[in-house]
Amino acid sequence: MITQIYSIHDVQEAKYCLDAGAEHIGVALANGYNCPREVGEEGIQEIFSFIGSKAKKVLIVVSQGEEEVLKEAKLLRPDIVHICGNYYEATPSLKKHLKEIDPKIELMQAVGLPSPDYMEKVAHFASFCDYLILDSILPGLTSIGVAGVPHDWSMDKKIVDSFPNLKVILAGGLGPDNVGKAIEEVRPYGVDSFTKTSFKDEKGLRGKDPEKIRLFVQRAQEAFRKNAIKE
């Protein structure tokens, strides 16, 4: 099972994740959508080069179309392309063309919770995506992720039970304090942390906290072992 840390801003932060034993390391592409802690193409290339094959390199893309995603995937060569779903959602066509760039590239789609049609969305994406990341939507907003708060994990549990072969990554307000309980209740393929392994000041999220990353990965791995969750 895997632990995933977002959103890395430089090589030093990537090292924190590798030292802690994180299996997936995510970087948000700066392409005009003002993602939190976004990184330009040159910075991503440097981070991905540093990571190498020691963890899976995740490219977080906010986009309005397939062409833009493919352009960046071809340039940056991530292991996984994460489609945020705020403007554009993954399609079978995207999956096909990513495989033409590199057969090893995998596709991850975010699904926001709560949502009245979340099971229909999951069934659709499960038919062609390699991973689904289940993330929180704040009340009154439509954007998925970076909420910093958990949602009702019973929805995630329903998804995991209904799609036993799907690689589900649980996100949304997870940190060292609650990741063990989340794994026990949901039994997902993986867990993700952004806001609660970061430190903040009056300007918002400013960097990754190496001790919080270490504790998050350690406690997640302990919970996976305790609950006998195997790949």
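## About the model

Residues are numbered from 1 along each chain as its sequence is written, and side-chain values use heavy atoms, without hydrogens or water. Because the model is predicted, local features need pLDDT of at least 70 and side-chain atom pairs count only at pLDDT 80 or more, while totals for chains, interfaces and linings use all residues.

## Two helix pairs

Two packed helices are described by the angle between their axes and the distance between the axes. Here, helices (H or I, at least four residues) and strands (E, at least two) are DSSP runs, numbered from the N terminus. Axes are lines fitted to C-alpha atoms, for helices over the stretch in contact, and angles run from 0 to 180 degrees between N-to-C directions.

Let's start with helix H3 (residues 66-76) and helix H4 (residues 92-101), which pack at about 20 degrees with axes 10 Å apart. H3 and H4 are therefore roughly parallel to each other (angles under 35 degrees count as roughly parallel, over 145 as roughly antiparallel, 65 to 115 as roughly perpendicular and the rest as oblique). The contact (heavy atoms within 4.5 Å) is made by Glu66, Val69, Leu70, Ala73 and Lys74 of H3, together with Ser93, Leu94, His97, Leu98 and Ile101 of H4. By class, the contact of H3 with H4 has six nonpolar, two polar and two charged residues; Ala, Val, Leu, Ile, Met, Phe, Trp, Tyr, Cys and Pro count as nonpolar, Asp, Glu, Lys and Arg as charged, and the others, Gly among them, as polar.

Next come helix H6 (residues 153-162) and helix H7 (residues 179-186), whose axes come within 9 Å and cross at roughly 45 degrees. That makes H6 oblique to H7. On the H6 side the contact is made by Trp153, Asp156, Lys157 and Val160, and on the H7 side by Lys181, Ala182, Glu185 and Val186. Four of the residues in the contact of H6 with H7 are nonpolar, none is polar and four are charged.

## Nonpolar cores

A nonpolar core is a set of buried Ala, Val, Leu, Ile, Met, Phe, Trp, Tyr and Cys residues joined through side-chain atoms within 4.5 Å. Buried means under 20% relative accessible area, exposed over 50%, and partly exposed in between (1.4 Å probe, protein chains only). The largest core has 60 residues, of which Leu94 and Val191 touch the most other members. Helix H8 (residues 210-226) supplies the largest share of this core, six residues. A second, separate core of 17 residues includes Tyr6, Val58, Cys84 and Ile133.

Leu94 touches Glu66, Val69, Leu70, Ile83, Tyr88 and Leu107, not counting residues up to four places away in sequence. Lys95 is also worth a look: this residue of H4 is buried, with a relative accessible area of 16%. Leaving aside neighbours within four places in sequence, Lys95 is in contact with Leu107, Phe128 and Asp130.

## Backbone spots to look at

Most residues other than glycine have a negative phi, and most peptide bonds are trans. A cis peptide bond joins Tyr6 and Ser7, with omega about -20 degrees, and Ser7 sits in the loop between strand S1 (2-5) and helix H1 (11-20). The bond from Leu113 to Pro114 is also cis, with omega near 0 degrees; Pro114 lies in the loop between strand S5 (106-113) and helix H5 (118-126).

Arg77 has a positive phi, near 50 degrees, in the loop between H3 and strand S4 (80-83). Its relative accessible area is 41%, so Arg77 is partly exposed. Arg187 has a positive phi near 55 degrees and is found in the loop between H7 and strand S8 (190-193). At 33% relative accessibility, Arg187 counts as partly exposed.
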